[in-house]
Amino acid sequence: MNIRKPKYRKSIRTNRTNPFYSMIYNNFPIIFLVTAVISVPAMAAERQTHILKGNIVNLDGEAVEYVAVGIPGSGIAAISSADGRFWLEIPDGTADTLEFHHVSYLTGLVPASEYNGKDSLTVTLRPAELQEAVVLGSGAKEKTLVNKGARFPAAYGVYTPDRTGHEIGSTVKVRHRFLIKEFNFKVASNSIEECKVSLNVYKITDGVFRNIMTVPLYIDIRTSENPVSYSAAPSVTMILEPGEYFVSLAFVDCSDRSKAEWNEAGDLTGKAYMKKINENNLSFPLYFKSGYCRNTVLGEIVRSTFNMGLTVSGLEYKSR
């Protein structure tokens with residue numbers, strides 16, 4: 001994700017080795033400070049690699065869509081396709097465990113001994129436990145749990161087709177039991193075909209993020225040069241107990257054509273590169289509100305002072 005602000009277009013350079021390099025395009029200085037926290041370990045030029053292709057399925061043998069796959073802290077990561085397929089370029093001799101993350105399943109772990117030297121791999125994920133039913137009682141009051149914050153003037157957060165898995169959102173402290181009814185956000189423009197995003201809610205306990213959405217919530221974003229407002233409701237009952245939460249939005253998929261067009265931008269610079277960004281981006285208006293920029297599978301997280309204007313409304317239940 002990146003920040004777009006035309007006034008600074010000629011003075012900003014991007015760093016494509018950084019997993020959050022897209023965030024620093026046409027950016028305010030504060031974003032440079034945020035992204036400086038994250039870096040990708042450099043791979044030795046002479047180190048050999050191999051391509052690992054895989055399929056992710058559940059216990060019934062059905063494909064699992066949009067699973068975050070990778071090795072934390074390595075810069076090696078991918079998101080599986082809608083039919084559960086993925087591929088990774090892995091340095092030979094890698095000794096770290098591959099991790100597989102999806103909101104509906106327990107984290108999958110594959111030790112290096114099971115994937116090193118192999119060209120293909122099938123991974124079976126086990127379902128996560130469903131939340132227990134909760135009796136809420138009466139006395140509920142309509143409330144907006146998360147609001148946008150103040151608008152970040154003339155600045156936009158931008159996802160490009162290679163930013164799958166990266167998410168940004170707001171933090172909120174819940175004081176009373178809260179039933180989520182609806183999520184709302186606005187897209188400034190979108191030129192990425194068949195664009196799909198996911199909404200996620202994490203409970204933060206002692207710095208650990210635990211996704212509490214047992215059923216994924218995906219939203220299709222249509223192409224448009226004009227702002228479009230979106231709303232979505234969780235398909236299952238979502239109740240937040242008192243505590244701190246992170247509510248976020250992540251870019252998860254787009255058409256093969258958009259991916260191929262973006263890959264052509266790899267060697268472009270200057271005006272040609274900027275033109276390619278304009279032709280392949282999903283942009284959001286930005287707001288000042290505390291939150292995080294995060295990539296789950298890589299274990300990367302940085303505090304941010306802005307968010308994408310995502311709001312959460314529902315019913316608050318105060319104990320009597």
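How much accessible surface does the protein have, and what share of it belongs to carbon and sulfur atoms? I found about 15,700 Å², of which 50% belongs to carbon and sulfur atoms, with areas taken from the Shrake-Rupley method and a 1.4 Å probe, where for residues only the protein chains shown count as cover.

I note that this is a predicted model, in which local features need pLDDT of at least 70 and side-chain atom pairs count only at pLDDT 80 or more, while totals for chains, interfaces and linings use all residues. Residues are numbered from 1 along each chain as its sequence is written, and side-chain values use heavy atoms, with hydrogens and water left out.

I then looked up burial: 50% of the 320 residues count as buried (under 20% relative accessible area; exposed is over 50%, partly exposed in between, with a 1.4 Å probe and protein chains only).

Next I turned to salt bridges (a side-chain nitrogen of Lys or Arg within 4 Å of a carboxyl oxygen of Asp or Glu), and the count comes to twelve. E167 pairs with R294, their closest N and O atoms being 3.1 Å apart. E167 lies in strand β11 (residues 166-174) and R294 in strand β20 (residues 282-295), so this pair ties together parts 127 residues apart in sequence; strands here are DSSP runs of E, at least two residues, numbered from the N terminus. E167 is buried at 3% relative accessibility, and R294 is buried at 8%.

For E142 and K181 I noted a salt bridge at 3.3 Å between the closest N and O atoms. Here E142 is exposed, at 55% relative accessible area, whereas K181 is partly exposed, at 40%.

Technical notes
Helix = DSSP H or I, 4+ residues; strand = E, 2+ residues; numbered from the N terminus.
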